[in-house]
Each structure stands twice: as C-alpha cells, then as structure tokens.
There are 2 protein chains.
Amino acid sequence: MTAKSDLPQGTLDLLILKIVALGPVHGYAIAQRLQQVSRDVVQVPQGSLYPALHRLENRDLLKADWKETETGREAKFYRLTRAGRAQLEAETASWRRLTDAVGLILKLSVSFRPGVRAAWTR
Amino acid sequence: MTAKSDLPQGTLDLLILKIVALGPVHGYAIAQRLQQVSRDVVQVPQGSLYPALHRLENRDLLKADWKETETGREAKFYRLTRAGRAQLEAETASWRRLTDAVGLILKLSVSFRPGVRAAWTR
DNA sequence: ATTAACATGTAGAAGAACGAGGTATACGCA
DNA sequence: TGCGTATACCTCGTTCTTCTACATGTTAAT
C-alpha cells in the first residue's frame, strides 16, 4: 500500500525548483514532466502540487504570470526568481550531502557484531 | 538557515532500523553512531529519536529489553523483529528507487530550452 | 560540589503530503 | 448537439512526522 511513491518531505519543493529552472512552465506540466522523467517513480498529486507552488511563490522563490498555452488555454507560467535559483543550488547541495550520508550508512555491513562492538559502542 | 541537517520524512525510521540491524543498541548510542558514521551530516535530536523508537516498537518492528551498559547504566537495548528486518529491506529498496529517480531529475541540464520544448511540453 | 556526558522520556506546535472535492475550457467524436 | 476525456486551476480537512523545549535521573570527571 504505502509502496507507491511518497516523496520525502521537502523533496517536492526541490524537484519543482529544478523543473522550473529548465524554463517557464505551468503547474500541470511540472507534474507531468516529473512523472515522465522519473519513469513514473515520482507522481505528484494535485493536492500536493498546487499548495507547493503557492508555498514557493509566497517565499519569493517563484514568480508566475498568466500566459497562453500552445493549446490555446490560459495557464500560470512559473519562473525562478534570483532567490529561487540560489535556493535550488543550496537544496541540491544539501540533498547530495544527505543522500551520500544515508547511502554510506545503508552500506554498513554486519561484519562487526560479536567482538568489535567495543570499538564503536564507546 | 535551513541548511542544518533535517532528514527527509521517513528516513529516520530507515536509518534507525539499519543501525539496530547491526546488533542490539540503546537509543542514545543509535543517535551517536548515526552522527559519527555520517560525519555529522545526520544529527538526531532526542525529541525525534525517542518518539521514533516508540513508533517502531509499536509497529512491532523493534523489540526492547533493559540491560546494563558497559558503563554500568540501565538502558533499553533494541533489536529487530522479523517484521523489522523485512521492513528494513523494503524501505532500503524504496529509498534507492527514489533517490535514483530524484538524482536523475537533478541531473537534467538546461540544454533544451528554446526549440526542443515542443517535444516534452506536450 | 558542580559540571559534563549519559540515558530516558513527554508535550505542543509547525509543516508537508494527500485524498477528495470543486470549477472551467478545449477537443474529438458520435 | 451532446458527451467524454484531457487539460488546467484551486481548496479543505485529515494525518503523519519532525522539531523545539522541557523534564528527570545517573555516572564520571574536575
């Protein structure tokens, strides 16, 4: 059940910033691209998407203006602000630091169990 | 500011399960080891640690018994249940799938901006 | 005697994600 | 013309996790 796609908290913002950094897009397209690029691993429900967008806009990391889609529909196109770009870089670095660390921990082997324990228990 | 260490949601449980899988440990030591092994990237506040442990215990992923520390103090030593081990494996796999996907997205370059847009806007 | 490190715990608030709902337009097709 | 589907936006309420801050007691070192 829980084996679907739940993104870790905070990651959604990072991904949105990243997609928007590639060029102006509207919300609906952001969700689609995330899903496509990740081969369906990342799926963003609208109930998560739009609140996230508004959140980022309120923090002045994104700016939006209404424009017409190629299909002739009005949509809010988002672009990064300067702060948004900085935030993207910071969060990207942070993400790497963190996943590297977690990866390191997950690679720990059980090779020390009975005896060597003293070395790192203390 | 937010550049401290905040773990993504759910990750704490995974890391705890992993450390406990290496052998019986008490809570305090779990936090220490996570910090050591990750070179201070991962820092678990006690207000996060103990609730997480209780959570995992309530889900029958961990079992605890009081024992004496090498330093002569009473402490709750946690060990994995069978379900806990299964959960660890599942969450590890899930973690990798997800970080791979996010890594892929973060590697996207801005090489397509002006022209190719049509290909993936649709 | 007092501080630092060890070891456990709770309460309350903040924040994020999601499911479920709602509105409205464009387009193809019967 | 009517209908369904895909596009495109939005919000509300619930649930879950985490963090800050607090509270308690023990052992070891200075």
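Let's start with a term: a residue is buried if its relative accessible area is under 20%, exposed if over 50%, and partly exposed in between (1.4 Å probe, protein chains only). The model here is predicted: local features need pLDDT of at least 70, side-chain atom pairs count only at pLDDT 80 or more, and totals for chains, interfaces and linings use all residues. Residues are numbered from 1 along each chain as its sequence is written, chains are lettered from A and ligands numbered from 1 in the order in which they are written, and side-chain values use heavy atoms, with hydrogens and water left out.

**Exercise 1. Describe the make-up of chain A.**

Step 1: Count the elements. Helices (H or I, at least four residues) and strands (E, at least two) are DSSP runs, numbered from the N terminus. Chain A has 5 helices and 3 strands, and they come in the order α-β-α-α-β-β-α-α.

Step 2: Look at burial. Of the 122 residues in chain A, 47% are buried.

**Exercise 2. Work out how the strands of chain A are arranged.**

Step 1: Recall how a sheet is held. Strands of a sheet pair through backbone hydrogen bonds, either parallel or antiparallel. Here, two strands count as paired if DSSP finds at least two bridges between them.

Step 2: Find the order. The 3 strands of chain A form an open sheet, ordered 1-3-2, with antiparallel pairing. Strand 1 (25–26) and strand 2 (62–68) are the edge strands, each pairing on one side only.

Step 3: Zoom in on one pair. Strand 2 and strand 3 (residues 74–80) of chain A run antiparallel over 7 bridges. For A:L62, the bridge partner is A:L80 in strand 3.

**Exercise 3. Find out how the protein meets DNA strand C.**

Step 1: List the neighbours. A residue is near the strand if one of its heavy atoms lies within 4 Å of it. There are 27 residues around DNA strand C, and the closest are A:S48, B:Y28, B:Q46, B:R73 and B:K76. Of the DNA strand C atoms that come within 4 Å of the protein, 70% belong to sugar and phosphate.

Step 2: See which elements take part. Helix 3 of chain B gives the largest share of this surface, 5 residues.

Step 3: Check the distances. A backbone N or O atom of B:Y28 sits 2.7 Å from a phosphate oxygen of DNA strand C. Two side chains go to bases instead: a polar atom of B:Q46 is 2.6 Å from a base oxygen, and one of B:R73 is 2.7 Å from a base oxygen.

Note on methods: A polar contact is a pair of N or O atoms within 3.5 Å; within protein, one must be able to donate a hydrogen and the other to accept it, and residues adjacent in sequence count only if both atoms are side-chain atoms.
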